[in-house]
Every structure is written in C-alpha cells, then in structure tokens.
Amino acid sequence: MIRVQQEDFDVGAEIKALTKGNPSIGGVVSFIGLVRDIAGDRSIDTMTLEHYPGMTEKMLARIEEEAQERWNLDASLIIHRYGPLNPGDQIVLTITASAHRQDAFEANEFLMDWLKTKAPFWKREAGADGDNWVEAKDSDDVAAARWSP
Amino acid sequence: MTLMYFAWLKQKIGMGEEELTPHDNVVTVADLIDWLCSRGDNFATAFEDRDVIRVAINQEFAELDDPIAGAAEIAFFPPVTGGQT
C-alpha cells in the first residue's frame, strides 16, 4: 500500500493495521524519516515538500511492486508526506513485513533508496538566512544503483 | 498538451502549469525546451543548465531526445530530493 498525505502518521497504528490477521508474518521492519534542524552548517526552521500529484503515487506503487517481486514480503506500506514540516516531524514511513527478517530488512532499505531517486518530491528548506531548494546528492544515486540487477 | 513545472523551475518561470500547442517543428523534448526558451527570459533562465533538468512525459521519466508526439502531459523539474537525508 502507498499513501501520499499532508497529515502526520501513527507508526504503531500503521504496523498493527498492516499485520492484522496475517499470522504468517514473522518480522516487521519500519523506517521513519524525520526532518532535521541542521542541513550542512545551516540551521533549518521549516522544510516544505512539493510533489507531482499523480506521478508520485504511480512511482511509489511501482517501487513497492518491485520490492514485492524481489523479496518474499507478506505486506508493505509506504507513506510519504508533503507540505510544510518542522524539525522533528515525520516525513516518510516504510514498513516491510515477511516470514523471515532478512527479506524485511533488505526490502525496506531498497524502498528508501529507490524512492529517494525515483519519486518526484522536492524539498525546500527555510532558515534565518533565507530559503533554498535542496539539491540531489550523487550518494543517493550510488545507493540506488547497488540494487540494479 | 499540458506543461507542468515544479520546484525552482516553477519559481523561475512564474507558473506551475499551462496549456500549449507547440509548433509542428517541435519533435523532441529538447526542441520543446528550445521553443519554450524563445517565449521569454523567464524560460531561458529556468532552462539555462539542461544537465539539471529532468522531464516526464505522461508521468513517466523521459530523456531530452525522446519524441513528444502524442504526449498529453509533459512535466519539467529538478532532480528529485524526497525521502530522508
């Protein structure tokens, strides 16, 4: 399942809902991305996430599908927020559930690496010294490329 | 067709979306950018560095030399920066 939303999410409730009624699940991995108050040597007051409605959902669904094909997953969930966020706020949640932990761990890392380079989101950071668009990092491409067949 | 601009492209161009019918001699994405740049300085400035421009045709990633024939929606944007750093 994928969700793109402005509202915050409750990780415990999401895990419970995702695993409910499926006793074949033996392990659940969740990753929660948070907004930091520092970017390089800049202090950040707010971060605003813009996205491409329609294409975002399409790409997230495809990334999840790819993970389902590559690993033995019983359930998975991606939630990505957009709009204005503050340091400490949750931005992104990936949950992977499988019979054995290795599939859940690997698939979760894959989801995060791929969504960073394939989902159309853009971050704008605002601090006391003004605001700017966050630039993509080469290290993100490197992280995503290690999952290439 | 619908053209969409995101992030700093949207800011530099001054709008997020417009309906346009490009000239017949506009065949590829690169042609489309050339044509857009001829429409005003705001476009010329936004598309100045093409290495940092990404494009999607009908919500699928595309390349600068891809044809635009039959496209209903073309979006231009900088490299994506979602997820968590």
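**Figure 1. Salt bridge between E14(A) and R3(A) in the predicted model.** In this predicted model, the side chains of E14(A) and R3(A) form a salt bridge, with 2.7 Å between the closest N and O atoms. The two residues lie 11 residues apart and belong to distant parts of the chain. E14(A) sits in helix α1 of chain A, which covers residues 11-19, while R3(A) sits in strand β1 of chain A. Over all chains, the whole structure holds 13 salt bridges. Side chains of opposite charge can pair when their charged atoms come close.

**Figure 2. The four-stranded sheet of chain A.** Four strands of chain A make up an open sheet with mixed pairing, in the order β1-β6-β8-β2. Strands β1 (2-5) and β2 (27-34) of chain A are at the edges and have a single partner strand each, so one side of each has no neighbour in the sheet. On average, and with direction ignored, neighbouring strands of this sheet are turned by 10° against each other.

**Figure 3. Pairing of β6(A) with β8(A), and the helix packed on the sheet.** Strand β6 of chain A spans residues 75-81 and strand β8 of chain A spans residues 90-98; the two are antiparallel and share six bridges. One residue pair to look for is S76(A) with its bridge partner T96(A), which lies in β8(A). Helix α3 of chain A, residues 101-118, packs on the sheet and touches β2, β6 and β8 of chain A. The direction of helix α3 of chain A is at about 145° to that of β8(A).

**Figure 4. The five-stranded sheet of chain B.** Chain B has an open sheet of five strands, ordered β2-β1-β5-β3-β4, with mixed pairing. The edge strands are β2 (17-19) and β4 of chain B; each has a single partner strand, so one side of each is left without a neighbour in the sheet. From one strand to the next, the twist averages 25°.

Figure 5. Strand β3 of chain B (residues 54-57) runs antiparallel to β4(B), and three bridges join the two. A56(B) has F61(B), a residue of β4(B), as its bridge partner. Helix α2 of chain B, residues 29-37, packs on the sheet and touches β1 (2-5), β2, β3 and β5 of chain B. The angle between the direction of this helix and that of β5(B) is about 75°.

**Figure 6. The contact between chain B and chain A.** Chain B contributes 22 residues to the contact, and chain A contributes 32 residues. About 2,300 Å² is buried between the two chains, and carbon and sulfur atoms give 56% of this area. On the chain B side, Q59(B), T81(B) and Q84(B) lose the most area to chain A, and together they make up 29% of what that side buries.

**Figure 7. Polar and charged pairs across the interface.** Two salt bridges are found across the interface of chain B and chain A. One of them joins the side chains of K58(A) and E60(B), at 3.6 Å from N to O. Between the two chains, 12 residue pairs are in polar contact. On the side of chain B that touches chain A, the elements giving two or more residues are α1 (7-13), β4 (60-62) and β5 (73-77) of chain B. Helix α1(B) gives the largest share, four residues. By type, the residues of this side comprise 11 nonpolar, eight polar and three charged.

Key: Residues numbered from 1 in each chain as written. Chains lettered and ligands numbered in written order. Predicted model: local features only at pLDDT ≥ 70, side-chain atom pairs only at ≥ 80, totals over all residues. Heavy atoms only, no water. Contact = heavy atoms within 4.5 Å. Buried area = accessible area lost by both parts, 1.4 Å probe. Salt bridge = Lys/Arg side-chain N within 4 Å of Asp/Glu carboxyl O. Polar contact = N/O pair within 3.5 Å; in protein donor to acceptor, adjacent residues only side chain to side chain. Nonpolar A, V, L, I, M, F, W, Y, C, P; charged D, E, K, R; others polar. Pairing = 2+ DSSP bridges. Axes fitted to C-alpha atoms, helices over the stretch in contact; angles between N-to-C directions.
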